[in-house]
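Trainee: I would like to learn how to read a structure feature by feature. Please show me the general idea each time, then the case at hand.

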Amino acid sequence: MYDGLKKLHLDDKIELFTPHSEAVFATSYPPSACVFKEEIMVYMKPLLDLFSRIGSPFYVNAYPFLAYLTDPGQIDINYALFQPNPGIVDPNTSLHYDNMFDAQIDAAYAALQAVGYNDMEVRVAETGWASSGDPNQAGASVENARTYNYNLRKRLFLRKGTPLKPKIPVKAYIFALFNENLKNGDPTEKHYGLFNPDGRISYDIGYSGLLPSSAPASLLSIKMRAWGWIAHYSAAVILAIFLF
């Protein structure tokens with residue numbers, strides 16, 4: 001793919017990358033101890049070599065919600081939501097983290113440094129919080145989703161880095177633009193959207209453009225099935241808002 005872009009003289013206009021889930025890491029706590037799983041390095045090494053050669057960042061999907069969901073008894077929800085909390089101190093670096101989002105990014109930096117990619121930038125391909133789910137899925141609520149994305153927006157607009165990389169401003173995509181009402185699987189998977197399938201907002205995170213629709217109910221009814229199709233089939237393309 002990169003060779004094709006280069007042949008068309010588009011390699012300096014179109015960024016080539018691939019997102020990675022946190023499943024590529026063997027451990028991520030504390031952040032400085034994060035390493036890639038040994039068994040996947042046979043696949044990761046050629047990718048990382050290419051990204052290093054062409055100057056592409058390493059993209060990771062960072063979800064404090066998923067970490068909280070797996071261990072709500074041990075993780076302070078305020079730490080996951082960018083709310084006031086004592087935070088954690090990495091015992092290896094003495095760096096203080098007051099939110100899990102920054103810690104997850106620095107964990108990715110640590111994993112890259114451990115295999116020799118000291119200068120590769122980390123960006124977040126996906127992050128978000130489910131606004132609904134099963135009753136036993138801790139933290140999945142409209143209020144928590146609004147709080148997370150509102151505070152994430154404020155965090156990104158500061159244009160600042162992480163404790164480990166303070167000079168590299170954090171960049172991230174919000175997942176997702178639409179609730180995916182036709183999606184199968186875990187109930188939370190249907191409820192990450194800033195918008196409902198009918199085009200109305202799920203909750204307000206402070207953007208003046210994200211207001212309840214003023215369109216007539218009849219028009220919304222006509223659009224509803226189209227929105228549902230878009231939310232289900234175009235998630236990977238249009239669901240993200242890139243924040244700089």
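Trainee: How many bridges join strand 1 to strand 4?
Mentor: Start with the terms. Helices (H or I, at least four residues) and strands (E, at least two) are DSSP runs, numbered from the N terminus. Two strands pair if DSSP finds at least two bridges between them. Here two bridges join strand 1 to strand 4, and these strands run parallel. H20 stands opposite V60 in strand 4.

Trainee: What should I know about the model and the numbering before going on?
Mentor: The model is predicted: local features need pLDDT of at least 70, side-chain atom pairs count only at pLDDT 80 or more, and totals for chains, interfaces and linings use all residues. Residues are numbered from 1 along each chain as its sequence is written, and side-chain values use heavy atoms, with hydrogens and water left out.

Trainee: Which way do the side chains of strand 4 point?
Mentor: In a regular strand the side chains alternate between the two faces of the sheet. In strand 4, F58 and V60 point one way, while Y59 and N61 point the other way. All of these are buried. Buried means under 20% relative accessible area, exposed over 50%, and partly exposed in between (1.4 Å probe, protein chains only).

Trainee: How many bridges join strand 4 to strand 7?
Mentor: Four bridges join strand 4 (residues 58-61) to strand 7, and the two run parallel. Y59 has R123 in strand 7 as its bridge partner. N61 has E126 in strand 7 as its partner. Strand 7 (residues 122-127) is mostly covered, with five of its six residues buried.

Trainee: Which residue in strand 8 is the bridge partner of T127?
Mentor: Strand 7 pairs with strand 8 (residues 172-175) in the parallel sense, over two bridges. The partner of T127 in strand 8 is I174. Between the two strands the chain passes through helix 6 (residues 142-157), and this β-α-β crossover is right-handed. The test for right-handed: with the strands pointing away from the viewer, the path from the first strand over the helix to the second runs clockwise.

Trainee: Now the backbone. Where are the cis peptide bonds?
Mentor: Most residues other than glycine have a negative phi, and most peptide bonds are trans. Here a cis bond joins Y29 and P30, with omega about -10°. P30 is in the loop between strand 2 (25-27) and strand 3 (35-36). The bond from F175 to A176 is also cis, with omega near 15°. A176 lies in the loop between strand 8 and helix 7 (217-233).

Trainee: What is the phi of H9, and what is that of R159?
Mentor: H9 is not a glycine, yet its phi is positive, about 60°. H9 sits in the loop between helix 1 (2-7) and strand 1 (19-20). H9 counts as exposed, at 61% relative accessibility. R159, not a glycine either, has a positive phi of about 55°. R159 is in the loop between helix 6 and strand 8. R159 is partly exposed, at 46% relative accessible area.

Trainee: How many aromatic pairs does the structure hold?
Mentor: A pair of aromatic rings is described by the distance of the centres and the angle of the planes. Rings of Phe, Tyr and Trp (its six-membered ring) pair if their centres lie within 6.5 Å; planes under 30 degrees apart count as stacked, over 60 as edge-to-face and the rest as tilted. The structure holds 13 aromatic pairs. One of them is F25 with F36, tilted, at 5.4 Å centre to centre and 45° between the planes. F25 is in strand 2 and F36 in strand 3, eleven residues apart. Both F25 and F36 are buried.

Trainee: Why does the pair of F65 and W129 count as tilted?
Mentor: The ring centres of F65 and W129 are 5.0 Å apart and the planes lie at 55°, so the pair is tilted. F65 lies in helix 3 and W129 in the loop between strand 7 and helix 6, so the pair ties together parts 64 residues apart in sequence. F65 and W129 are both buried. One aromatic cluster includes F65, W129, Y148 and F175.
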